[in-house]
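Here is a protein model to explore together. Keep the picture turning as you read, and pick out each residue when it comes up.

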Amino acid sequence: MSETTQETLSFQAEVSRLLDIVANALYSNREIFLRELISNASDACDKLRYAALTEPALLENDSELRVELSLDKDKGQLTIADNGIGMNREDLVENLGTIAKSGTSAFLDKLGEKRGEVDLIGQFGVGFYSAFMVAQHVSVETRRAGEGTGWHWESDGHGSFTIGESETAPPRGTRITITLKEDAQEFLEEANLRRIVQTYSDHIAFPVELKHEGDEEDERLNSAGALWLRPKSEISDEQYKEFYKHVAHALDEPWSWLHFRVEGMMEYTGLLFIPTQRPYDLFDPQRKHGVKLYVKRVFITDDCETLLPAYLRFLRGIIDSEDLPLNISREMLQHNPMIAKIKSALVKRVLGDLENKAEKEPENYTNFWETFGPVLKEGLYEDRDQSEPLLKLARFRSTRREGWVSLEEYLAGMKPGQNEIYFMTGEDLEVLKKSPQLEGFYDKDVEVLLLTDPIDEFWVPAVGSFQDTEFKSVTRAGADLDNIGKESGEEAKDDEEKPEESDADALVTFLKENLSGKVKDVRTSKRLTSSPVCLSADSGDLDLHLARMLKQHGQLNQEASRILEVNPNHPLVRKLSEKLSNGAEASEMEGMGDLLLDQARILDGDLPLDPSNFSKRLSELVQRSLG
């Protein structure tokens, strides 16, 4: 290594913490490090094979792509080498010196609760760092295909790494040398390496070879077969699970998988997995996909945006086509009509399989929905062609049930006279359940769907209805409960039996004048049963929760128009109405309107318009009540 180009750089803070955690919290499965490094080497070979489609010179003098393992028992070192795409300085810094912040944070958060139970390193995209579970020192020598300069990277995992030019880097590819810890010497045993490779990496599409000293030939450790091309009858569940861990770089078990072959106008094979746990980057703004596209076993890309819609980005696996031209460019591929046809078929197949699971294994399906439901609901907003099957797959919390409810179950349980699907949006399920807007619905046992995902604000107005029944927010001022629960001919009888309400007209008139400019209108409410007031939105205005979200993100510069609803049968409202009817002076009612409005805002999850004045008015009210 040239000393004049050597420099020492610090890991990002989270990576430094992560390396320490990996080294001290994951010993129970530390043999996984070899699977992760072999998977990375396989990916590097895949990338070179793809790059060579347009630059054949990259494979000159060494066209047999492979992964090699070698041992040096005297030095206590294990080496994993490949002749794949290799890395340059920028690749080393980006890939080995940084890590996705969102993934690390989630990893650390999970460890904070139960560090001793961690078995999840793969799902957080830290495959290379797993080497530090067994290594006291890691050295990487690499040269990117087609470039002249080789590079050297090394670290002991304690906060920094050294990087510089290397004269001993391989002609192409990457060589990782691990100096093993004293308690990890079992990884110098050939029999142990054979077992690990055959258990975890037998399906790698490139030869994994064990180099022997002297004149012995290199030993092939894996079958190097494309598992997705084999008949399903020849593949065990354990082989499927291990292949998932390889292709997804994960340690969780797959929740389900689909293995299929399509023949006819187009020919392609697919092996798709649904994870049990959320991938660490599931909600990354870039919404990257996890399905790799192959053409005749040649890796093309793992980021083909048109292969699957973004709302199915939790899928992991492989699509291998026989028809796409091998020399097609990445840009042309994204607009290829054959890809669009494959995409349409894949969406129908995946949604059909989920519908089958929901019908035959409802309890198991709810586990899937709890994990990936918020992502799947993005399709309701983005893919109108699939809105009907997606709505059938959707599950919701509601005011009537402890578990999840489908829309078909909701429709079956609607009350006589109910013509709409009622819903309410918010951030917290327990807070929603206690909202005053729901009191009238609770009173009549009308089920309301409780929606707590941010996407709910957007897909509901976009979809509008399900099986000709419209969705309606309970926070709309026009929610009419009068005719719900009544059989035909009962309306007059109910009206006769209804207790006489207090005359709140004077109070409503007073509040309209007193709160002019602060609310859009003041009305008596039929939805409230135990609360004195609540806020609602007019039929043409933004829903309450959406307006709050937009304001929090700087997309709404002023307070949204709101309607103040008062409960004419509440003791407080009755007293205030009586006071006004008996000719109370304006000074006696001073601040009452603002106090009622602030109370409604607090019940809705907002702050009072003026917290200081609210506190002052509340103190004065308490003093007066105490005489």
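Let's start at Leu 376, which you'll find in helix α9. This is a predicted model, so keep in mind that everything here is computed from predicted positions. Is Leu 376 buried or exposed? With a relative accessible area of 1%, Leu 376 is buried, because anything under 20% gets that label.

What surrounds Leu 376 in there? Leaving aside residues up to four places away in sequence, Leu 376 touches Tyr 311, Leu 312, Phe 314, Leu 354, Phe 368, Trp 369, Leu 390 and Leu 393. Pick out Leu 312 from that list: in sequence, Leu 376 and Leu 312 are 64 residues apart, but in space their C-alpha atoms are 6.6 Å apart.

Take the contacts with a separation of 6 or more: 72% of them come from residues 24 or more positions apart.

Now look at the helix that holds Leu 376. Helix α9 covers residues 362–376, and its end C-alpha atoms are only 17 Å apart, while a straight helix of 15 residues would span 21 Å. Where does α9 bend? Look at Glu 370: the bend there is about 55°, and Pro 374 follows within four residues. Besides Leu 376, the buried residues of α9 include Tyr 365, Phe 368, Trp 369 and Pro 374. Among the elements covering the buried residues of α9 are the strands β10 (254–262) and β11 (268–275), along with the helices α8 (337–360), α10 (378–382) and α11 (387–393).

Just after α6 comes His 249, which takes a positive phi of about 50°.

Next, let's follow some charged side chains. The count for this model comes to 37 salt bridges. One of them joins Arg 316 to Asp 281, with the closest N and O atoms 3.7 Å apart. This pair links distant parts of the chain: Arg 316 sits in strand β14 (residues 316–321), Asp 281 sits in the loop between β11 and β12 (290–295), and the two are 35 residues apart. Arg 316 counts as buried, because its relative accessibility is 10%, and the limit for that word is 20%.

Go back to α10 for another pair. Glu 378 forms a salt bridge with Arg 287, and their closest N and O atoms are 2.7 Å apart. Glu 378 lies in helix α10 and Arg 287 in the loop between β11 and β12, so this pair ties together parts that are 91 residues apart in sequence.

Glu 382 counts as partly exposed, at 39% relative accessibility. Elsewhere, salt bridges that share partners join Glu 238, Lys 241, Glu 242, Lys 245 and Glu 253 into one network.

Now move to the surface. Leu 618, Val 622 and Leu 626 form a nonpolar patch there, with about 290 Å² of accessible area together. Val 622 has its place in helix α21 (residues 611–625). Val 622 is partly exposed, with a relative accessible area of 41%.

Finally, zoom out. The protein chain has 21 helices and 22 strands. Of its 627 residues, 51% count as buried. The chain exposes about 29900 Å², and carbon and sulfur atoms supply 45% of that area.

Methods
Residues numbered from 1 in each chain as written. Predicted model: local features only at pLDDT ≥ 70, side-chain atom pairs only at ≥ 80, totals over all residues. Heavy atoms only, no water. Expected span 1.5 Å × (residues − 1). Bend = angle between axes of the 7 residues up to and from the residue. Buried < 20%, exposed > 50% of the residue type's maximum accessible area, 1.4 Å probe, protein only. Contact = heavy atoms within 4.5 Å. Patch = residues over 30% accessible without salt bridge, like charges linked within 9 Å, V, L, I, M, F, W, Y side chains within 5 Å. Areas by Shrake-Rupley, 256 points an atom, 1.4 Å probe, with all protein chains shown as cover. Salt bridge = Lys/Arg side-chain N within 4 Å of Asp/Glu carboxyl O.
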